[in-house]
Amino acid sequence: MDHSGAIKQQLVLSLALLPVTFGLWYAAGALLAAPAAWLASEILPWLWPTIILDAGFDQTVFFVITDFGMVDNKIVAASLAGSEIVLEANSRLLSYSVPFYAALIWGAKLDNSFERFAQGLLLLWLFMLIGLLSIIAKDLMLVIGEPFLSQTALPPAVIALAYQFSVLLMPSLIPPFLWLWQIRNTDLWQQLAEPLQRSRVR
Amino acid sequence: MLRFIALFSVTLLVLFGVELLNPVQATVIQPFTGLLASISAGLILPFDDSVISSGRVLRDSVSGFAVSIESGCNGVEASIVLFAGVLAFPAPWRAKLAAILLGFMAIQGLNVVRIISLFYLGQWHYPIFEWTHLYFWPVLIMIDVLLVFAIYLNWLAKNTSQRAPRGS
């Protein structure tokens with residue numbers, strides 16, 4: 001198969017698989033983000049013990065209960081406010097990387113595709129975890145503000161950049177990277193890498 | 001390949017850093033996003049005269065529904081991914097420049113389709129609008145980036161194979 005033929009086959013198959021994988025992802029609900037959400041719920045109260053009281057996962061929503069409340073539009077300690085501010089993050093904003101990755105992997109028609117998918121899923125969970133931490137850090141910065149910023153070493157610009165990267169970019173960028181990694185040593189890879197090898201020869 | 005990945009990652013980080021700078025946002029990104037809204041409205045107007053564009057907002061004067069094109073929805077991030085890939089890949093500068101210009105047009109062309117489709121999906125069925133906006137369109141835009149890059153690689157492969165006998 002020529003270069004464009006292999007690419008076309010990958011593209012057509014992946015596009016055909018997208019509705020299927022997205023349907024399965026939607027039906028799976030919280031399942032595909034659960035490992036990352038569980039890790040985030042363990043890490044966040046440990047990371048900022050004076051800011052976060054508890055964290056958990058309900059349906060597809062990851063939430064944290066802060067030690068802050070609001071009185072007259074001012075952020076005060078939860079004990080003074082008599083209630084806690086709860087921050088929520090939609091885990092689907094991150095977990096849609098899974099059906100995208102699945103469509104790319106199964107569109108490539110690789111051997112051991114389930115094993116390759118599982119390997120990639122482990123890394124996707126890691127990026128989902130980073131994404132969840134970034135969303136909560138960004139919300140803490142915007143909602144809680146100074147009490148949070150004074151207790152973290154992270155500058156606001158770093159939090160904003162981390163959010164931009166891990167939430168707006170990574171869920172759609174990491175799957176193609178993992179797919180490239182998984183197709184190494186295959187015919188498709190040889191065809192994709194051909195221009196690179198030629199440019200080296202020249 | 002490791003060199004390509006390292007160059008790609010560094011270029012991506014640098015371009016993203018530049019994009020986030022306030023002067024760049026004010027003088028390039030925001031006016032460009034407004035231009036996208038105007039182009040979308042211009043394409044819709046011959047078929048639907050109830051659409052109005054104002055700044056980054058596309059509004060339906062009858063239903064009152066409006067979409068605001070925000071960061072992450074203007075195709076700039078996807079274009080940056082393509083630029084980083086093209087710049088990191090060893091090729092003549094003329095080929096890189098052509099790939100960047102044509103690729104940018106291809107990504108923005110699809111992005112205008114995304115904006116128009118979301119404008120009507122939002123008026124028709126809000127949950128479907130949200131679903132396609134947040135999950136489905138970002139994937140399609142990234143596939144567009146992959147496709148453009150693959151076409152560029154294919155073009156480079158043909159181009160280098162034609163030049164190889166002369167060069168060797």
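Helices and strands are DSSP runs, the helices at least four residues and the strands at least two, and both are numbered from the N terminus. With that in hand, here are some close-up views of this predicted model.

**View 1**

**View 2. The overall build of chain A.** Let's step back for a moment. The radius of gyration of chain A is 21 Å, whereas a compact globule of 202 residues would come in near 17 Å. Along the principal axes, its C-alpha atoms take up a box of roughly 70 × 40 × 25 Å. Buried residues make up 37% of the 202 in chain A. If you look at contacts between residues at least 6 apart in sequence, 64% of them in chain A link residues at least 24 apart.

**View 3. The bend in helix 8 of chain A.** Follow helix 8 (residues 156–182) of chain A to Met170(A), where the helix bends by about 70°. A proline, Pro171(A), follows within four residues of that point. Both Met170(A) and Pro171(A) are among the buried residues of helix 8 of chain A. Others to look for in the buried set include Ile159(A), Val167(A), Leu173(A), Pro175(A) and Trp179(A).

**View 4. The open sheet of chain B.** Now over to chain B, where 3 strands form an open sheet in the order 1-2-3, with antiparallel pairing. Strand 1 (51–54) and strand 3 (66–68) of chain B sit at the edges with a single partner strand each, so each has one side left without a neighbour in the sheet. On average, neighbouring strands of this sheet are turned by 15° against each other, direction ignored.

**View 5. Strand 1 meets strand 2 in chain B.** Strand 1 of chain B and strand 2 (residues 57–60) of chain B pair in the antiparallel sense over 4 bridges. To find your place, look for Ser54(B), whose bridge partner in strand 2 of chain B is Val57(B). Helix 2 (residues 22–44) of chain B lies across strand 1 and strand 2 of chain B, and runs at about 165° to strand 1 of chain B.

**View 6. Confidence in chain B and in the model.** Chain B has an average pLDDT of 89, and 95% of its residues score at least 70. For the model, the scores are ipTM 0.80 and pTM 0.86.

Key. Residues are numbered from 1 along each chain as its sequence is written. Chains are lettered from A and ligands numbered from 1 in the order in which they are written. This is a predicted model: local features need pLDDT of at least 70, side-chain atom pairs count only at pLDDT 80 or more; totals for chains, interfaces and linings use all residues. The radius of gyration is taken over C-alpha atoms; the globule rule is 2.2 Å times the number of residues to the power 0.38. A residue is buried if 20 or more other C-beta atoms lie within 10 Å of its own, exposed if 12 or fewer, and partly exposed in between; C-beta atoms are placed from the backbone. Two residues are in contact if their C-beta atoms, placed from the backbone, lie within 7 Å. Two strands pair if DSSP finds at least two bridges between them. Axes are lines fitted to C-alpha atoms, for helices over the stretch in contact, and angles run from 0 to 180 degrees between N-to-C directions. pLDDT is the predictor's confidence in each residue, from 0 to 100. The bend at a residue is the angle between axes fitted to the seven residues ending there and the seven starting there.
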